[in-house]
Amino acid sequence: MKATKKLFGVLFALAMMLCLSVTAFAKEGTVSVSENPVENVTLTKTYKLENDGTTSPEETFRYTITAVGVEDAAEGTEVPMPDITEYITEYDEGEATKEGTTKDFTIKLPDYSSVGIYTYSISETPGTSAGVVYDNSPVTMIVTVVNNEEMNGFDCYVALKKNGSKISSEDAFVNTYQAGNLTITKTVAGNLGDTSKYFDFKVELTGVEGDTYATGYSVTGGKYTIDEGTAIVNGNVSFQFKHDDTITISNLPYGVSYVITETAADGYEQEATGDEGTIEAPTTQVAFTNTKTGEIDTGITLDNMPYILVLACVVAAGAGMIAKKRKFND
């Protein structure tokens, strides 16, 4: 009997510990159910950079709320909507960071006329800024409305879900700016290669249809014949550079395609690596090599070569006869 009581006590203690651990997990985890009644719901936007050294464009993110449905409410109850059904978060140029820059928007819950479980969908409206990855997964907001303790009003409790899993309000929407640099290098080779010569090139950049691009993207290095050192998407840019020079076009959004052409290199053999492609990495490298070789003029022409060979044979034969005569006299 004592053994049974002791075993029961141990099991009870284990059960209590398990309950405590579950409770602690619920509080510390990302299960987003408000522990206390709320009147407002604050959601967080996070705006990140995919790659260091890039600059995000100015951007206004927009969100809309729509009613999905209601359960366990009085018959005929409809889903009331907040006063504001479109919300925004605004970012200046360069505000996104590698770690992520956060901004909030707050939804004031509407007045409810009945208990029930009210469901809303909060969606981000896709924009057109090139390189920006918009968050196309809506947040489901579940508002559970119950009678308050005095039974003279209602209390609201909120849970958030995304892609079928509960989330915290800090994880509501995440956006990323994806851009990289296009670098073009020049090498001159061969015994007649002119390392001081500037070669002419043309770069054609083509954007994704429907996307919006900056008025220009910075170009550094070499010697270029463009306004203020900028390249334009959906346009051409010409530049010049020489041996060991590097041209860099910075902050090009992912998805931009390019074609690079050397327009004049008379007398040089041309070799190019990666001269066509699409920006989809932190750095896209293109290499051009121009080679020029020639025979070294030693003053001896091929037209005289037969006579030179005959003369050499005569000299060799004469030397042989002299050596033989000396041996005979000895």
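## Ground rules

The model is predicted, so local features need pLDDT of at least 70 and side-chain atom pairs count only at pLDDT 80 or more, while totals for chains, interfaces and linings use all residues. Residues are numbered from 1 along each chain as its sequence is written, and side-chain values use heavy atoms, with hydrogens and water left out.

## The chain overall

Of the 330 residues, 32% count as buried, where buried means under 20% relative accessible area, exposed over 50% and partly exposed in between (1.4 Å probe, protein chains only).

The accessible surface is about 20300 Å², and 52% of that belongs to carbon and sulfur atoms; areas come from the Shrake-Rupley method with a 1.4 Å probe, and for residues only the protein chains shown count as cover. Among contacts (heavy atoms within 4.5 Å) with a separation of 6 or more, 72% are between residues 24 or more positions apart.

## Nonpolar cores

In soluble globular proteins, nonpolar side chains tend to be buried together. A nonpolar core here is a set of buried Ala, Val, Leu, Ile, Met, Phe, Trp, Tyr and Cys residues joined through side-chain atoms within 4.5 Å. The largest one has 32 residues, and Leu 43, Ile 122, Met 141 and Val 143 have the most contacts inside it. Elements giving two or more residues to this core include β1 (40-49), β5 (116-125) and β7 (139-147). Apart from it lies another core of 28 residues, among them Phe 199 and Tyr 268.

Beyond its neighbours within four places in sequence, Leu 43 touches several residues, including Phe 105, Ile 122, Leu 160 and Phe 173.

Phe 105 sits in strand β4 (residues 101-108) and counts as buried because its relative accessibility is 4%. Outside four places in sequence, its contacts include Leu 43, Tyr 63, Tyr 87 and Phe 173. Tyr 63 is 42 residues away along the chain, yet the two C-alpha atoms are separated by 9.5 Å.

Thr 176, in strand β10, is buried at 18% relative accessibility. With neighbours within four places set aside, Thr 176 contacts Tyr 47, Leu 49 and Val 132, among others.

Thr 248 belongs to strand β17 (residues 246-253) and is buried at 16%. Its contacts beyond four places in sequence include Asn 181, Thr 183 and Ser 218.

Terms used. Helix = DSSP H or I, 4+ residues; strand = E, 2+ residues; numbered from the N terminus.
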